[in-house]
Amino acid sequence: MINFFQFLVSTILSILLLIVIAFADDHGNIIKERKSLFKQNYSHAKRMSAEITKGNNEKVIELSQKMSANYDKLLDLFPDNTKTGYDTEALPTIWLQKEEFNALMIETSNKVKEFTVLASELTGDELKDAQKKLIWSSCKTCHDKFRMPH
Ligand code: HEC
């Protein structure tokens with residue numbers, strides 16, 4: 001009977017420990033995932049510039065669709081337990097002004113969607129200007145307020 005009781009207690013403790021580990025790990029995975037999505041968006045934006053120059057609008061459209069999908073995913077990747085650790089460059093202002101941060105993320109995604117539409121109508125310098133206005137300018141607007149200087 002004592003053995004069974006010991007077995008039960010140790011099983012419960014092991015399960016609790018696993019839950020704690022999974023939870024701690026989850027927080028790291030969320031930070032890693034959001035960093036990876038921002039990095040992807042950076043490379044999508046650079047690639048987009050090159051494809052505009054080449055006149056490959058189909059590729060520009062594909063890249064901008066991936067980019068707005070990434071911004072939509074990013075909305076869920078700033079939960080309260082991910083304020084620190086794993087070399088995050090996220091500033092505390094994100095959580096102090098969460099509504100403003102989320103609104104900016106949604107607005108950014110919408111601007112990219114607007115750009116996707118323009119990419120089927122414009123080419124060359126006109127499309128480059130639209131990219132500057134609707135894609136490149138968003139990075140600094142958000143970083144100035146919500147990302148650590150780097
Ligand atoms: C709505 C806010 C927002 C927008 C828009 C935004 N960023 Fe960021 N970005 C952040 C935040 C916050 C971080 C820090 C994330 C972290 O370290 O947890 C970040 C981090 C990054 C990183 C570093 C990723 C890493 O590996 O640590 C890069 C690169 C980056 N952004 C590029 C861009 C580019 C390029 C654009 C525009 C095309 C852009 N970002 C638009 C908020 C934004």
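The model is a predicted one, in which local features need pLDDT of at least 70 and side-chain atom pairs count only at pLDDT 80 or more, while totals for chains, interfaces and linings use all residues. Residues are numbered from 1 along each chain as its sequence is written.

Helix α5 covers residues 124–146, a run of 23 residues. Helices here are DSSP runs (H or I, at least four residues; strands are E, at least two), numbered from the N terminus. From first C-alpha to last, α5 reaches 32 Å, close to the 33 Å expected at 1.5 Å a residue, where the expected span is 1.5 Å times one less than the number of residues. Which residues of α5 are buried? They are L127, Q131, I135 and S138. A residue is called buried if 20 or more other C-beta atoms lie within 10 Å of its own, exposed if 12 or fewer, and partly exposed in between, with C-beta atoms placed from the backbone. As a general point, an α-helix has 3.6 residues a turn, so residues three or four places apart point the same way.

Leaving aside neighbours within four places in sequence, S138 is in contact with T108 and K111; contact requires the two C-beta atoms, placed from the backbone, to lie within 7 Å. The C-alpha atoms of S138 and T108 are separated by 6.4 Å, although the two residues are 30 apart along the chain.

The largest nonpolar core has 15 residues, of which V60 and V112 touch the most other members. Two or more residues of this core come from each of α1, α2 (57–74), α4 and α5. Such a core is a set of buried Ala, Val, Leu, Ile, Met, Phe, Trp, Tyr and Cys residues joined through C-beta atoms within 7 Å. Beyond its neighbours within four places in sequence, V112 is in contact with S64, M67, S68, Y71, L134 and I135. I135 is also one of the buried residues of α5.

Attention now turns to the ligand. The shell around the ligand holds 21 residues, and F38, T88, E89, C139 and C142 come nearest; a residue is near a molecule or strand if its C-beta atom, placed from the backbone, lies within 6 Å of it. At least two shell residues are supplied by each of α1 (2–54), α4 (98–118) and α5, and α1 gives the most, with 8 residues. By class, the shell has 11 nonpolar, 5 polar and 5 charged residues. In this count Ala, Val, Leu, Ile, Met, Phe, Trp, Tyr, Cys and Pro are nonpolar, Asp, Glu, Lys and Arg are charged, and the others, Gly among them, are polar.

The loop between α2 and α3 (93–96) includes Y86, a residue with a positive phi of about 50° although it is not a glycine. Y86 counts as partly exposed because it has 13 C-beta neighbours inside 10 Å. D87 lies in the loop between α2 and α3 and likewise has a positive phi, near 55°, in a residue other than glycine. With 8 C-beta neighbours inside 10 Å, D87 counts as exposed.

G85 is found in the loop between α2 and α3 and is exposed, with 11 other C-beta atoms within 10 Å. Not counting residues up to four places away in sequence, G85 touches H27, G28 and I31. D80, placed in the loop between α2 and α3, is exposed because its C-beta neighbours inside 10 Å number 8. The C-alpha atoms of D80 and K132 are separated by 32 Å, for residues 52 apart along the chain.

Finally, F5 belongs to helix α1 and counts as exposed, with 9 C-beta neighbours inside 10 Å. F5 and N57 are 52 residues apart along the chain, and their C-alpha atoms are separated by 68 Å.
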